[in-house]
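Let's take a walk through a protein model together. Keep the picture open and follow along as we go.

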Amino acid sequence: MRWLVVFFVLVAPGICRATASVGGESEVRTGSSAIAEATADKPTPATNSSNSPVDQLIPWLLNEDRQLRGIAFSEVIFDATGKRVLAFDPQNEADRRVVKQISAACDETMKRLNAPESVIQNVGRINEVSSHFEDTLRELLSSISGLSCDSPPTIEGKVQRAGYPDLRIVDLASRRVFYLDPKLYAVGSRNSSFRTFYFEPKKATNKVRDDAVHFIVGFEHERREKNGRWKFTRWDIVDLSHFKVKLKAEFQGSNYDMYRAEAIVASGRGD
């Protein structure tokens, strides 16, 4: 797992700074060595004469089945943040108490949002409904005596809605921390292989700042009725201590990156 963090911290920035100063070149060489270690058994392409970080990066990313799948989420969190993912302990009084309180909040949240007069019944897209679940859970959990519940701040002390996790719960008696992230999914999609979870390891926007129990709470909904109503039918609290994730290799670029004046070879205008 350490080699994966070395890649993110050293190699990816190194590639972006390949034309930087001598100090930057030193960092690139460090990252290159780390990737070379992870891909020591892969042949070097015959056309590779520069042995640059990107020349080693591509074969490493293509070796997806062996190196980028089945990664323990607990390791990703620890290596990216230095914090431990704690397993839910059914023998722990605080864990039992908090799960019971979260369960009651889930029941009430589903009851409120299923109501005909609920604000979500006027929302057309399910992606726009999830924030209402987060808000309702936060309201209910923060009102429980002995619990604190709020949005976890980043390392810079900023509160942002985007990114994992959505809620930070503290059992005040034990000081044990629980992260809770609500997810919505349609009936019949429970076994879908499409991406429904992501974690982006960035220092500035990191919201995982505690050793904590990590929970997903999944709410299942029926397909939207013809009358426009949303109906949620069940919920599950999932312990992420044994969760496995995979890394998707993707190179990105923006319109700003593409439409550079020096790169445009022809243009036209419609009349």
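Start with a pair of charged side chains: Asp236 and Arg234 make a salt bridge, and their closest N and O atoms sit 2.8 Å apart. The two partners don't get the same label for burial. Asp236 counts as buried, at 19% relative accessibility, while Arg234 is partly exposed, with a relative accessible area of 36%. The cut-off matters here, because buried means under 20%. One thing to keep in mind as you read on: this is a predicted model.

Why would such side chains pair up at all? Side chains of opposite charge can do this when their charged atoms come close. How many salt bridges does a search of the whole structure find? The search turns up 18 salt bridges. Let's look at some others.

Asp95 and Arg176 form a salt bridge, with 2.4 Å between the closest N and O atoms. Asp95 belongs to helix α6 and Arg176 to strand β5, so this pair ties together parts that lie 81 residues apart in sequence. Are these two buried or exposed? Both Asp95 and Arg176 are buried.

Another salt bridge brings together the side chains of Asp210 and Arg168, at 2.9 Å from N to O. This pair also links distant parts of the chain: Asp210 is in the loop between β5 and β6, Arg168 is in strand β4, and they are 42 residues apart. Asp210 is buried, with a relative accessible area of 17%, whereas Arg168 is partly exposed at 26%. There is also a network of salt bridges, which links Glu134, Asp135, Arg138 and Arg161.

Arg168 took us to β4, so let's stay with that strand. β4 covers residues 167-171, and four of its five residues are buried, so the strand is largely enclosed by the rest of the structure. Which strands pair with it? On one hand there is β3 (residues 147-150), which runs antiparallel to β4 and is joined to it by four bridges. In that pairing, Leu147 stands opposite Asp171 of β4. On the other hand there is β5 (residues 176-186), which pairs with β4 in the antiparallel sense over five bridges. Here Ile169 stands opposite Phe178 of β5.

β4 and β5 make a hairpin with four residues between the strands. Look for Arg175 in the loop between β4 and β5. Arg175 has a positive phi of about 65 degrees, although it is not a glycine. At 56% relative accessibility, Arg175 counts as exposed. The peptide bond from Tyr164 to Pro165 is cis, with omega near -10 degrees.

Now head for the inside. In soluble globular proteins, nonpolar side chains tend to be buried together. The largest nonpolar core in this model has 26 residues, and the ones touching the most other members are Ile102, Leu137, Leu141, Ile169, Leu180, Phe219 and Phe232. Two or more residues of this core come from each of α6 (93-114), α7 (130-142), β3, β4, β5 and β6 (212-221). The largest share is that of α6, with six residues. A second, separate core has 16 residues, among them Val177, Val208, Leu240 and Val245.

Setting aside its neighbours within four places in sequence, Leu137 is in contact with Ala105, Cys106, Thr109, Leu167, Leu180, Pro182, Val217 and Phe219. Leu137 is also one of the buried residues of α7, along with Phe133, Glu134, Thr136, Arg138, Leu140 and Leu141. What covers those buried residues of α7? The cover includes α6, β3, β4, β5, β6 and β7 (232-239).

Last stop: the cysteines. Cys106, one of the contacts of Leu137, is buried at 0% relative accessibility. Cys149 is buried as well, with a relative accessible area of 6%. A disulfide is a covalent bond between the sulfur atoms of two cysteines. How many disulfides does a search of the whole structure find? The search finds zero.

Note on methods. Residues are numbered from 1 along each chain as its sequence is written. This is a predicted model: local features need pLDDT of at least 70, side-chain atom pairs count only at pLDDT 80 or more; totals for chains, interfaces and linings use all residues. Side-chain values use heavy atoms; hydrogens and water are left out. Buried means under 20% relative accessible area, exposed over 50%, partly exposed in between (1.4 Å probe, protein chains only). Two strands pair if DSSP finds at least two bridges between them. A disulfide is a pair of cysteine sulfur atoms within 2.5 Å. A nonpolar core is a set of buried Ala, Val, Leu, Ile, Met, Phe, Trp, Tyr and Cys residues joined through side-chain atoms within 4.5 Å. Contact means heavy atoms within 4.5 Å. A salt bridge is a side-chain nitrogen of Lys or Arg within 4 Å of a carboxyl oxygen of Asp or Glu.
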